[in-house]
Amino acid sequence: MSSSKILNHIDFIGFENGNVIIENRITDERRAFNAGGHRVYDIYEEGNSLWVSIRDEGLRRFNIENNVVKLEKEYKIKKKTDTENSIVTSDYAVYNITEHEGDLYLSTSFGLHFLKKDNRNDSILSPFLPESISKNHYPVHQTLICGDSVYCATQKGLMVISKDDKKKYLRKCEGEEILYLHHQKGDSLLYASSSNCRHLLNIKTGKIEKTFCYNKNNLFAYITDSFNNEWEIFSDRIIHKGSQRKLFFDEAVLGKEYKNFIHIKEDCILLACGNKLYTFSKYQNLVGDSYNAIICHKIGDYTYFITKDGRLHKVKFGERKSEYLGKLSNIDFNEKIIGITASNEYLWMITKNKLYKIDYKKAKAQRINWVKESNLTNELLDFKHILHVEDTLLIGSRHYLYKIEKGNQDNTLNFTKIHAINHINSADLYVTNITQNKGERAYVATLNKGLFWRNGDFLQPIKNSGKEEIGSIRQMITYNDDPKKLILYSNKGLFQKDSVDFISPIHLYGERNDPGFFTKSVKTIRNNGTGSFLVGYKGIGYLQHTEDFIFMTPSFSHTYLTFNDNAIETEENNLIIGSPNGMYRYKSNNEIENIDITPPKKYWIEGIGSFIVLCIIGGGLYYYWRWRKKKELLARLIEFEAAKKAEKEKEEILKAERNEINEALNEISKLFYENNHDENHDEIISKCYLLWNSKKEITEELHFNKTEQCVALLYAACPNIKPKDISNFVIINGKQISDVKREVNRKIRKYKNYSYLMEIIYKQTLSTRINASNSQPTTPVDQ
């Protein structure tokens, strides 16, 4: 497969039986001729010549003039035999024809050959490398030329040959049969595909940077393009890597006999497999309705457009990214949108039987009702065109032209019929187009009654514009230099209306002057001042004219790109085009650039994401709370066990101290009662001091002097002791002993841990014993 270098909408397709088909994408015309008796591998167009490579029949050049195909020349090669002699033969195959600077590089079944542009009449092809001619089968499947190097996909690997010095060459990927080479213009990488690997070769350094291996040995090619698409082609399917979409081939699968099965065009990839030709658009829509621009309209420096899912966007002149304005509700976008126009504050949009008003600044829409007095029925509606003219809204339908005025109630309009004069049936107009240029009168084109201009509430017919004279008018195009001048496009071709309403046919000069070509290929026309863009049923063209208004036959490009009828708008010398695959800007230099549509915010995804995040955070907090609770509970258990253990130890200590105190007090009591007081005086005093000083915490808190110590302990040891007996130890009289006893009680009341003090010394000793010696306790010690 290949395409015409002159007319991009012409494709060449070769077949297994040697036939070649020339297909016109615009008119769907196909012409066939026979180039040989075997498989056609490649076709290359050069002027009026067509180079065709055929298996086992070599290279042939055909001449095409006036739809007649003639064989001009056959080309042969020199091939070595087993006896080392060379024979001249056409028994070889050219798998791929590559043109570079006028020279043809030919990838053949016996190495790489080439044909210089100045030696087209030579009958024998020259080998590009002497060693490429061999008695061994050494085919070159494909050749690419990047910079100063020639890259050959061969049966024994990738060969990199210097274009200027053929003796300099490198071998890469040795041992692998390279099936396909791909290089994207401007890219520093060349992709070489074998059946199980994809190699990335840096054409600047000459090194293999990466290698990707595949489990199954059925890879045939890897392709990328300027739209960031990546394609992997296997023997039975093709995969778009960005979306992981797959298409499995029907019936046949690719085999190694396929040498030139891929053809890359500006808008698509063509792939031949078996008896089918597959087309893969480069304009991949991975978002669905959010990227399907169905209608657009220009307001000032901005083009506003609406996508299939009801989202309103705008894009500024020259910019490549749209601005999302909001989603329109109250509109059924499953209905076909017929037309759109703009007033000062609103966009007005029609379907077959509905009218909508859109506040494009706030992205709000509402359906407009009409008053009962309009007497509109579904049969009378059938809207076809809409235009806002001088503060008046005009809507053309299958039957009438309506002037729209505000009704008595809010959001209601009154439809008033505009009638044609001269007894023309106004109920059968079939309005196809309404236009006005630079404040001039409004023109109304109809399918059945010709051309009119609006004169107030009436339609004035223009002479010689009827269906019989110029056919059914499809569209009108205004001129910038003369507001009264129009181009009329009808089913009979192009016509021109001059400033005095004279209508004459327009003849196209060039390769074709058949008006049928124009009407079969052109869908709509958009004027940009100096010429007119032609949006065809397949592709885009440009209608140019001279100063004398001589129109040239247009050629079409981008024939594999589809458009939405109402999503076409001019932008000075450019054309804004909405398609099912996105929004594009077509330039007069035949280039197309993508306009990035701001993706809609997926609030449900954000909501789910937020919910998941909240769940994670909530779960984390819950488990943290559980962990803290467990930790606190564990700490409390440990603390409880420790407190329990400490309490037990404390009880054991207190018990030991009580026993020790009781034993000491018993000893003091025995010494006091059982022996002579005088004899045991010093020993009793010593025992009291020893017992008291052993309790340092009590000593430090109460600050008893020696007299107070002895008094307290003697009362504790001897409950029946009398003050006069105590005076034998402390050398004070009985009255003073009572004073000392009161001081002891006062200091005991100040002790900060009274219960602990009583537990250690006084609970079972001093207080009870003092209590026994006093019938009516009145002090804390007594209690």
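Which side chains meet in a salt bridge at 2.6 Å, N to O? In this predicted model, in which local features require a pLDDT of at least 70, side-chain atom pairs count only at pLDDT 80 or more, and totals for chains, interfaces and linings use all residues, the pair is Glu 593 and Arg 585. Residues are numbered from 1 along each chain as its sequence is written, and side-chain values use heavy atoms, with hydrogens and water left out.

A salt bridge is taken as a side-chain nitrogen of Lys or Arg within 4 Å of a carboxyl oxygen of Asp or Glu, and by this rule the count comes to 28. Glu 593 is buried at a relative accessible area of 14%, and Arg 585 is likewise buried, at 1%, where buried means under 20% relative accessible area, exposed over 50% and partly exposed in between (1.4 Å probe, protein chains only). Both residues belong to a network of salt bridges that also links Arg 320, Glu 571 and Lys 587. In the salt bridge between Glu 405 and Lys 403, the closest N and O atoms are 3.5 Å apart; here Glu 405 is partly exposed at 36%, whereas Lys 403 is buried at 11%.

Surface patches are made of residues with over 30% relative accessible area and no salt bridge, like charges being joined within 9 Å and nonpolar side chains (Val, Leu, Ile, Met, Phe, Trp, Tyr) within 5 Å. One nonpolar patch consists of Ile 608, Phe 611, Ile 612 and Ile 616, with about 410 Å² of accessible area together, as given by the Shrake-Rupley method with a 1.4 Å probe. Of its members, Ile 608 is placed in helix 4 and is partly exposed at 42%.

Elsewhere, strand 7 (residues 58-65) and strand 8 (residues 68-75) run antiparallel and are joined by 7 bridges, pairing being assigned if DSSP finds at least two bridges between two strands. Glu 65 stands opposite Val 68 of strand 8, and in the hairpin, which has 2 residues between the strands, Asn 66 takes a positive phi near 55 degrees.

Methods:
Helices (H or I, at least four residues) and strands (E, at least two) are DSSP runs, numbered from the N terminus.
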